[in-house]
Structures are given as C-alpha cells and as structure tokens.
Amino acid sequence: MKDFKQNLHPGIRKHGSEILEHERFKSMKDFKQHGCVSVHDHCLRVAQTSLRINDTLKKLRMNLNERAMVRGALLHDYFLYDWHDKEKRKKLHGFYHPGVALKNAERDFELTKREKNIIKQHMFPLTITKIPTNRESWVVSIADKWCSLVETIRMRKPS
Ligand SMILES: [Fe+2]
Ligand SMILES: [Fe+2]
C-alpha cells in the first residue's frame, strides 16, 4: 500500500499543525494500533478519511466544521499507552480509551465542546450511551471504523 503521507489532504496541516507538532502527539509513533500501523499514523489516516468524506458532503452543500473534525480526528485515540501491553493497558480498552484520550487532550490542548464530543463519541455504538451529537462526530466515527478495518486486513504483520 502506498504511503498516504505523500499525499496528505491540505486540511490536515491547515487545521492540525498545533497537534502535529506536539511532542506527545509525535510519541504515538511508538505505539502500535492495528497490525504494523502506529497510533500516530492511524489518527492521521482517520483525519484524512474524514476530510475526504467532508469533500463529498461539501458537494451536497453540507457545511461541517472542518477544523473541529480534523482536530477531533487527530486526537480521537490520544490515550498514550500501548494497548497491546497487558501490564500497561487499561482494562476494557475499547470502552475506556475515549475518556482517557479526552483527558489527555484537554491537558495538552484548548478544545471546543464539539472537539471534545468527537473524541468522546468516536467508539459508538460500542460505547452505547455516547451517541454522536453532531455531524462531525458521525463522520469521524465512521472514518475510524473504515480505517481500522483496512489497517487490520491490509497491514497485518507478516506471519
Ligand atoms: Fe478509538
Ligand atoms: Fe481509532
């Protein structure tokens, strides 16, 4: 699969530069998400896919908050631990990591309510009580599921 970073959507740098340059965000290169994909690259990929969905929505005259969507997507998995490590990971990672990501993101960045909701709600319907309350949350949640599926199937470590 070709390196998606060669062809990054301009909206990622436009809205996400503060996050991309943060040392803790960069530290996510050391944590694996799916297969051989780091959490860092997974978050970039989710932001990229969200922007591509948004490009289509724009053609349908739907006007989403692109900045909140990019920042929420970049920070949606900002939990900052190796979830594969049984010693270090939180129990029931799938349920609890949105809350951990939000806490870390609030510590390191000034977030809007919409950005916080995107992070908190991205695991719906697994987190059944955290129903997306805005269109940006729906887009990021769908982009996350799509990227996770592709990463799991196409980027597995060779066995
Ligand atoms: Fe997640
Ligand atoms: Fe994710």
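Me: Which cut-offs decide whether a residue is buried or exposed?

Reply: A residue counts as buried if 20 or more other C-beta atoms, placed from the backbone, lie within 10 Å of its own, as exposed if 12 or fewer do, and as partly exposed in between. This is a predicted model, in which local features need pLDDT of at least 70 and side-chain atom pairs count only at pLDDT 80 or more, while totals for chains, interfaces and linings use all residues. Residues are numbered from 1 along each chain as its sequence is written, and chains are lettered from A and ligands numbered from 1 in the order in which they are written. Of the 159 residues in the protein, 34% are buried.

Me: How many helices and strands does the protein have?

Reply: Helices (H or I, at least four residues) and strands (E, at least two) are DSSP runs, numbered from the N terminus. The protein has seven helices and zero strands.

Me: Which residues of helix H1 are buried, and why do they share a side?

Reply: An α-helix has 3.6 residues a turn, so residues three or four places apart point the same way. In H1 (residues 10–20), the buried residues are Ile 12, His 15, Gly 16 and Ile 19. They lie on the same side of H1 because their arc around the axis, taken from the directions from the helix axis to the C-beta atoms, is only 110°. Pro 10, Arg 13, Lys 14 and Ser 17 are exposed on the face turned away from that buried side.

Me: Against which helices do the buried residues of H1 pack?

Reply: Two residues are in contact if their C-beta atoms, placed from the backbone, lie within 7 Å. The buried residues of H1 pack against helices H2 (23–26), H3 (39–59) and H4 (66–75).
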